[in-house]
Amino acid sequence: MADSIPDRMHALVLHEYREEIADAIDSLKVEQRPVPTLKRGQVLVRIDAAPCNPSDLLLLQGKYGALKTLPAVPGWEGAGTVVASGGGPLAWWLKDKQVACGQQEDRDGTWAEYVVANAAECIPLKRKLRMEQAASLIINPLTAIGLLETARRGGHRAAVHTAGASQLGRMLVAMAAELNYPIINVVRREAQVELLNSLGAAHVLNSSDDDFVDQLQAVSARLQATAAFEAVGGEMTGKVFNVLPEGSSVYVYGALSEEACDNIDPIELIFRQKTVNGFYLGTWLQERGSLGVLRAASRAQKMLIDGRIETKVQRTVSLEEAVDGLRQYVDHMTDGKLLIMPHTG
């Protein structure tokens, strides 16, 4: 297999961080790069599909917590086949296997024909899992599992989720239902209310309603929802935090508004024993350990195979089509993922 690996590959390369997302996307160029060399414990993955996530867009803008030394290839996750090993028992065992992999280090990511991955962080794929679903196995499904686990271990009987219509939000609906765990899903439009109701969500609130805050306070009190999964930031963080019951915790895991968390009432912090915490998937994965991550990933794969959860894909593109696809994706993110398939076109 190694004999068929070329010396050079095509990749989507970022040369400059730019605050405006349209400008950031325009700075991406398809270029030839050397196929990276491997160290012991690493594998080379031939990427079949890699998604664009909100965290990828933050990277392009230079706003993500872990940046890369430019020029660099973006792409935090993807899936493909291990075609070479850098040595070590696990790396050798993964040879020729299909895997999902993540890339949080300061080196080239998954928007390329090949990517280097740490063998210990690769997730072997089940045969029945389609590559289009495997490409997004890590960030959304494992974040959903991690958020639910965190809330339940914290003794919270129910939770609020502020990005209810997102891909992750739809997964949370299904996962929480299987656990009989109440989720109050917050969306922005009436069409999204109807969407989540069709998926079986029992509690859906429209943040555009004039009485949204009053509705949220009432439902949270009734369900004893003392946890919130906050993906928006800006005013939304304060709106949710201020009306949750005493002893509540808000777990901030996203920044869709690209605004600082705002309007948090200090009285609620001081006298009602509430907290605001960050949730970072990378930290949760490290705390769980390799076996724990594999168990969580196995659960997610089974749910994907059975159709109990899914990653909706609105468009697949080659590397050459990726810039145009990303321009469209940023305006229609709730329609589904954009998948970059480097070996097509």
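Buried means under 20% relative accessible area, exposed over 50% and partly exposed in between, computed with a 1.4 Å probe on protein chains only. All views show a predicted model, in which local features need pLDDT of at least 70, side-chain atom pairs count only at pLDDT 80 or more, and totals for chains, interfaces and linings use all residues. Residues are numbered from 1 along each chain as its sequence is written, and side-chain values use heavy atoms, with hydrogens and water left out.

**View 1. Buried side of helix α12 (residues 322-329).** Helices (H or I, at least four residues) and strands (E, at least two) are DSSP runs, numbered from the N terminus. In α12 the buried residues are Ala322, Val323, Gly325, Leu326 and Tyr329. These residues lie on the same side of α12, because they cover an arc of only 160° around the axis; the arc is that of the directions from the helix axis to the C-beta atoms. The cover over the buried residues of α12 includes β1 (8-14), α1 (21-26), β2 (28-34), α2, β14 and β15 (337-340), with contact meaning heavy atoms within 4.5 Å.

View 2. An α-helix has 3.6 residues a turn, so residues three or four places apart point the same way. Gly200 follows α7 and has a positive phi, near 95°.

**View 3. Crossing of helices α5 (residues 139-153) and α11 (residues 281-306).** The two axes come within 10 Å and cross at roughly 110°. That makes α5 roughly perpendicular to α11, a class that spans 65 to 115 degrees, whereas angles under 35 count as roughly parallel, over 145 as roughly antiparallel and the rest as oblique. Axes are lines fitted to C-alpha atoms, for helices over the stretch in contact, and angles run from 0 to 180 degrees between N-to-C directions. On the α5 side the contact is made by Ile139, Pro141, Leu142, Thr143, Ile145, Gly146, Glu149 and Thr150; on the α11 side, by Leu281, Trp284, Leu285, Arg288, Val293, Ala296, Ala297, Arg299 and Ala300. Sorted by class, the contact of α5 with α11 has eleven nonpolar, three polar and three charged residues. Here Ala, Val, Leu, Ile, Met, Phe, Trp, Tyr, Cys and Pro count as nonpolar, Asp, Glu, Lys and Arg as charged, and the others, Gly among them, as polar. Glu149, Arg153 and Arg288 are linked in a network of salt bridges, each bridge being a side-chain nitrogen of Lys or Arg within 4 Å of a carboxyl oxygen of Asp or Glu.

**View 4. Salt bridge between Lys63 and Glu258, with Gln61.** The closest N and O atoms of Lys63 and Glu258 are 2.7 Å apart. The pair links distant parts of the chain, 195 residues apart: Lys63 is in the loop between α2 (54-60) and β4 (77-85), and Glu258 in the loop between β12 (249-252) and α10 (266-271). Lys63 is partly exposed at 35% relative accessible area, and Glu258 is partly exposed at 40%. Gln61 is also in the loop between α2 and β4, but is buried, with a relative accessible area of 7%. Not counting residues up to four places away in sequence, Gln61 touches Tyr17, Arg18, Glu19, Glu20, Ile21, Ala24 and Glu258.

**View 5. Salt bridge between Arg308 and Glu178.** The N to O distance in this salt bridge is 2.9 Å. Arg308 sits in the loop between α11 and β14 (313-317), and Glu178 in helix α6 (residues 167-178), 130 residues apart. Both residues are partly exposed: Arg308 at 35% relative accessibility, and Glu178 with a relative accessible area of 44%.

**View 6. Backbone at Pro71, Asn180 and Gln273.** Most residues other than glycine have a negative phi, and most peptide bonds are trans. The peptide bond from Leu70 to Pro71 is cis, with omega near -5°, and Pro71 is in the loop between α2 and β4. Asn180, in the loop between α6 and β9, has a positive phi of about 55° and is exposed at 70% relative accessible area. Gln273 lies in the loop between α10 and β13 (275-278); its phi is positive, near 55°, and the residue is exposed at 58% relative accessibility.
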